[in-house]
Amino acid sequence: MKALVTGATGFVGSHLADALLRRGDAVTALVRSPGRATALANRGVRLVTGDLAADDALAAAVTGQDVIFHVAGAVAAPSESAYLRANRDGTANLLGAAEAAGAPRFILVSSAAAGGPSVRGAPATAAQPARPVTAYGRSKLAAEECTRASRLPWVILRPPTIYGPRDRDNLIKVFRMAKWGMAPVFGDGSMELSAIFAPDLAQALLAAAGHDAVVSRTYYVNHPEILTVAGLVRGVAHAMGRRVRLVGVPEWAGRGLLHVTGGIAAALGRSTILNADKANEFFQDAWTADPAPFMRDAEWVPIHDAASGLAETYQWYRSAGWL
């Protein structure tokens with residue numbers, strides 16, 4: 001199979017590139033910085049330099065591909081318009097180039113944020129109306145809408161919390177706090193959530209490329225087990241062989257703190273996910289999803305549960321010196 005991967009130098013994209021290369025597939029990566037992709041090039045990945053706004057680079061990247069995995073996207077941006085430029089407009093540009101090149105299968109890595117929060121005890125399904133609560137979620141939903149309107153055979157996957165080796169943004173912060181025996185949790189820690197180990201997500205993406213039953217469908221993709229925020233933090237501590245004390249952060253304090261951290265980042269000209277808008281995700285009853293439709297249609301079963309995935313993540317962080 002000939003596959004294009006956007007975001008191949010990032011967290012999820014790098015795991016997908018690994019999975020494709022292990023199978024012997026021919027991989028092309030659209031990269032903004034060839035210097036960051038040297039390791040990929042050394043493993044036989046064809047590099048095309050450019051971004052999602054570069055027409056010539058997009059045309060070169062999509063030509064001759066059997067499948068396009070669109071993994072790249074902005075998870076932090078200074079404004080809603082900036083999110084839309086990256087996630088909606090970048091997706092539309094890539095779709096346009098792909099349509100002009102033929103009819104490769106287009107697989108969009110969206111986010112559970114596009115669907116919005118779920119109800120406690122009732123994991124979300126893609127059949128339910130989307131109700132995103134953040135600018136990021138609205139931009140990912142807009143990317144989904146562009147994808148559904150295209151002439152290509154498409155598949156949309158909505159992963160929730162993603163963790164694993166090479167993650168610099170999500171659970172590594174929890175690992176670092178648990179190392180010292182204390183970790184804050186927004187609210188009382190009872191918020192329910194779903195999660196997925198990054199290598200399992202990579203295998204789900206391969207399954208989406210190989211099964212016709214999933215075409216023109218949107219799916220949540222995650223471990224079947226339901227966690228709580230408190231349970232996840234304790235799971236991290238258990239993987240590290242430590243005990244951890246949880247410190248609840250009430251909503252008024254959490255929103256105030258995120259307003260301050262977002263304001264500081266803005267003043268410094270930086271983007272951060274720790275901003276006032278993100279509080280709309282942190283203070284919900286549940287972010288859970290039902291992976292059963294995808295597991296059935298794509299014949300996919302995640303290899304890891306949370307305990308084994310967190311253990312592997314911790315061992316990788318230790319060996320890489322990130323903790």
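Predicted model: local features only at pLDDT ≥ 70, side-chain atom pairs only at ≥ 80, totals over all residues.
**Helix contacts**

Two packed helices are described by the angle between their axes and the distance between the axes. The table gives both values for two pairs.

| Pair | Residues | Angle between axes | Axis distance |
|---|---|---|---|
| α3 and α4 | 55-62 and 80-101 | about 50° | 9 Å |
| α9 and α13 | 229-239 and 306-320 | roughly 55° | within 9 Å |

Take α3 and α4. Their axes pack at an angle of about 50°. The crossing of α3 past α4 is right-handed. From α3, the residues in contact are Leu58, Ala59 and Val62. They meet Asn93, Leu94, Ala97, Ala98 and Ala101 of α4. Seven residues of this contact are nonpolar and one is polar. None is charged.

Now α9 and α13. Here the axes cross at roughly 55°. α9 is therefore oblique to α13. This crossing, too, has a stated hand: α9 and α13 cross in a right-handed way. On the α9 side, the contact holds Leu232, Gly235, Val236 and Ala239. On the α13 side, it holds Leu310, Ala311 and Tyr314. Sorted by class, the contact of α9 with α13 has six nonpolar residues and one polar residue. It has no charged residues.

**The second largest pocket**

The second largest pocket holds about 240 Å³ of space. Its lining counts 20 residues. Nearest the pocket's centre lie Ala77, Pro78, Tyr83, Thr272 and Asn275. Helix α10 supplies the largest share, with three residues. Nine of its residues are nonpolar, six are polar and five are charged.

**The cavity**

How many cavities of 30 Å³ or more does a search of the whole structure find? The search finds one. The largest cavity has a volume of about 40 Å³. Its lining includes Ala112, Gly116, Pro117, Ser118 and Ala124. Pro160 and Tyr220 also line the largest cavity. So do Trp287, Thr288 and Ala289. Which classes make up this lining? Seven residues are nonpolar and three are polar. The lining of the largest cavity has no charged residues, whereas the lining of the second largest pocket has five.

Conventions
Residues numbered from 1 in each chain as written. Heavy atoms only, no water. Axes fitted to C-alpha atoms, helices over the stretch in contact; angles between N-to-C directions. Helix = DSSP H or I, 4+ residues; strand = E, 2+ residues; numbered from the N terminus. Left-handed = near helix turned anticlockwise from the far one by under 90°. Contact = heavy atoms within 4.5 Å. Nonpolar A, V, L, I, M, F, W, Y, C, P; charged D, E, K, R; others polar. 1 Å grid on protein atoms, 1.4 Å probe; cavity = no way out; pocket = protein on both sides within 12 Å on 5 of 7 lines; lining within 4 Å. Points joined across faces, edges and corners; volume = space filled by probe spheres on them. Parallel < 35°, antiparallel > 145°, perpendicular 65-115°, else oblique.
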